[in-house]
Amino acid sequence: PSSQPSEVQAAMAGHVPETSMETSPTPIQATAVGAGGEGPFWQKMIADNPYFSAGAGLMGIGVALTALRRATTLGATFAQRRMLVTLEIPSKDRSYPWFLEWMSSQSPKPAAIRDPSSSSSSTPTSSPAATVSAETPRGLRSLWKGKSPISLRSHELAVETTYKQHENGSSEAIFNLVPGPGTHYFRYRGAWFQVKRERDSKLMDLHSGTPWETLTLTTLSTSRHLFAPLLTEARSLAEASTEGKTVVYTAWGVEWRPFGKPRRRREMGSVVLAEGFAERVENDVRGFLGRAKWYAERGIPYRRGYLLHGPPGSGKTSFIQALAGSLSYNICLLNLSERGLTDDKLNHLLGLVPERSFILLEDVDSAFSRRVQTSEDGYKSSVTFSGLLNALDGVASSEERIIFMTTNHFERLDPALIRPGRVDMQELLDDAVGEQAQRLFVKFYGYGPGEERVWREGEEVLSPEEVLAMGQEVGTIVDEEKAKGRVVSMASLQGLFIRSGAREALDGLVLALSIPLLALL
Ligand code: ADP
């Protein structure tokens, strides 16, 4: 037994310096106890041995620290569970862009940097968000820093660029700085929020080609009630930016995406239609919108279809735009002969329309004129007639659905498409009649007594009465020619009036109608 203590001593002496925090005391105790069983003797030895007691002391501290650390972690997790609330917003969710925009709006001026440049590109484009992270140029960062409550700890920004080309040729780029992937903090109504914007490197949104992202908002559970007003505020902000405007959505894969910037609403008065036409359709839509309960009580799908037909350039699309504007609706525009559109996608899209939106299916005849559409490069459109009918009938949902369809070739439509339930109201928009042409003329050139009018260079200055008289003349000509089978579309009249002064237009009209119509187009 005499050799044992020295072994233990040696072992202990060797181990002491390394045994700091993590080493468990168990094997050492086992060695000590297993070595002899002469308890009191060993206890004395251990107690008397300075190395051993130092080691034991250190081990004790180690164990205590480990336990403390565990407890802290557990405590933190527990606290996190009990005291913090998190809200997750995936990039698929509608409130995702609203929230990002809201965050960036918290630093109004610095978030948008304008860069007038003389680039010659002609189309406005919007580039996907590019990340400005740690290498953010100092200029950008300092613009952001200190001016926004969000920015206090935001070093990861992303830029969303809007590029605009003005009519005079100059161009402008606006860089909107939004919080980039990373962690940010902001204060809202006195409470601190943490925002984590995380990008999934594996999951991609295949249709937009952007990585899947999530925003996670964390705050104290006592502030959980602030989530709702915060999101409402973000939503109102997003809506304010489209107020008085019409958003046009187009199909992007299997979802609807705003196409370009929201446009200014088209005034109903700017579309010159047959007397009473606009009111008739608008009243019908309003009537439908007020009858949700009526439909629900009868178990009828809450939807209504409109078909506008007539020659090209008669104002079908323009009227639908104006109607959407007057009802504060947006438009989901879909062309059935679009590439890559399949029956399934169509069905899916029609079931996923953003709220307060009309669906506008343009040139419905072209997509299913019995023969399969084949474009020059051999591409075949793949929406079938039965696919369209299925999509129109869809799974009955209680959500409202208003579909407008337009066609230039009413006669080509299959009767199955226009039966009630699919098309509940059909209206013809024809070529110009005299009265319409007259109204359009007066809209372009007319002015009231005492009103200012800007005259073009070289244009004959006319009195309001003279313009009215000429308008009447235009109307008479159009009617007379129509009786002879020579028609003119509203679009071509508009084209003529844009190009010419009043007198010129009148002369041009006579000339154009006396030779084939194409001269006007
Ligand atoms: P459609 O859809 O019937 O082919 P659009 O609505 O696209 O015709 O019209 C083409 C152009 O002609 C637009 O610029 C529009 O402003 C003009 N236009 C056509 N019809 C009218 C009309 N009735 N009143 C005023 N402008 C019209």
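In which kind of crossing, left-handed or right-handed, does α12 pass α14? The views below take up this pair and one other. This is a predicted model, where local features need pLDDT of at least 70 and side-chain atom pairs count only at pLDDT 80 or more, while totals for chains, interfaces and linings use all residues. Residues are numbered from 1 along each chain as its sequence is written, and side-chain values use heavy atoms, with hydrogens and water left out.

**View 1. Helix α12 (residues 343–350) against helix α14 (residues 385–393).** Helices here are DSSP runs (H or I, at least four residues), numbered from the N terminus. The two axes, lines fitted to C-alpha atoms over the stretch in contact, with angles running from 0 to 180 degrees between N-to-C directions, sit 9 Å apart at an angle of about 20°. That makes α12 roughly parallel to α14 (angles under 35 degrees). The answer to the opening question is right-handed (the near helix is turned clockwise from the far one by less than a right angle).

**View 2. Who touches whom between α12 and α14.** From α12 come Asp343, Leu346, Asn347 and Leu350, and from α14 Gly387, Leu388, Asn390, Ala391 and Leu392 (contact means heavy atoms within 4.5 Å). By class, that's five nonpolar, three polar and one charged (Ala, Val, Leu, Ile, Met, Phe, Trp, Tyr, Cys and Pro are nonpolar; Asp, Glu, Lys and Arg charged; the others, Gly among them, polar).

**View 3. Helix α9 (residues 277–289) with helix α11 (residues 316–326).** Phe277, Ala278, Val281, Glu282, Val285 and Arg286 of α9 meet Phe319, Leu323 and Ser326 of α11. The tally is six nonpolar, one polar and two charged residues.

Notes:
Helices (H or I, at least four residues) and strands (E, at least two) are DSSP runs, numbered from the N terminus. Angles under 35 degrees count as roughly parallel, over 145 as roughly antiparallel, 65 to 115 as roughly perpendicular and the rest as oblique.
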